[in-house]
Amino acid sequence: MTVITKRQRRQRRRYRVRAKVSGTAQRPRLSVYRSNRGVFAQLIDDVDGKTLAAANWTEPELKELRGTDQAKKAGELLAERAKKAGVETCVFDRSGYRYHGRVKALAEGAREGGLEF
């Protein structure tokens, strides 16, 4: 009997979602990665294989914050950078994580910053 770990279950969910979700230059994919210490987010054009904008917890304005506050601020920062890159809308890719907590806070921050998805 094989034992499927928590990480493997998340990877399966992630692959299942990625089979359906793809980003373009006009509507890139907002990809989220959640670690124990912080959150990473980037807007990806899957057609050209380029990252258009990114934000992560190691930046000075996010490093002193924790948890959902950090994620929300990261979403706002990403939305601001997306505007500079000329991106108005995107497709949200939660990368197999449940849509709650820090993932939800990041999405709400990006929406408040002006991104639509």
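A residue is called buried when its relative accessible area is under 20%, exposed when over 50%, and partly exposed in between, using a 1.4 Å probe and protein chains only. This is a predicted model, in which local features need pLDDT of at least 70 and side-chain atom pairs count only at pLDDT 80 or more, while totals for chains, interfaces and linings use all residues. Residues are numbered from 1 along each chain as its sequence is written, and side-chain values use heavy atoms, with hydrogens and water left out.

The structure holds seven salt bridges, a salt bridge being a side-chain nitrogen of Lys or Arg within 4 Å of a carboxyl oxygen of Asp or Glu. One of them joins D46 to R29, with 2.9 Å between the closest N and O atoms. This pair links distant parts of the chain, 17 residues apart, since D46 lies in the loop between β2 (39–45) and β3 (50–56), whereas R29 belongs to strand β1 (residues 29–34). Helices (H or I, at least four residues) and strands (E, at least two) are DSSP runs, numbered from the N terminus. D46 is partly exposed, because its relative accessibility is 23%, whereas R29, at 7%, counts as buried. Both residues also belong to a network of salt bridges that links R18, R29, D46 and D93.

In helix α3, K84 and E80 lie four residues apart, about one turn of the helix, and their side chains meet in a salt bridge with an N to O distance of 4.0 Å. K84 is exposed, because its relative accessible area is 70%, whereas E80, at 43%, is partly exposed.
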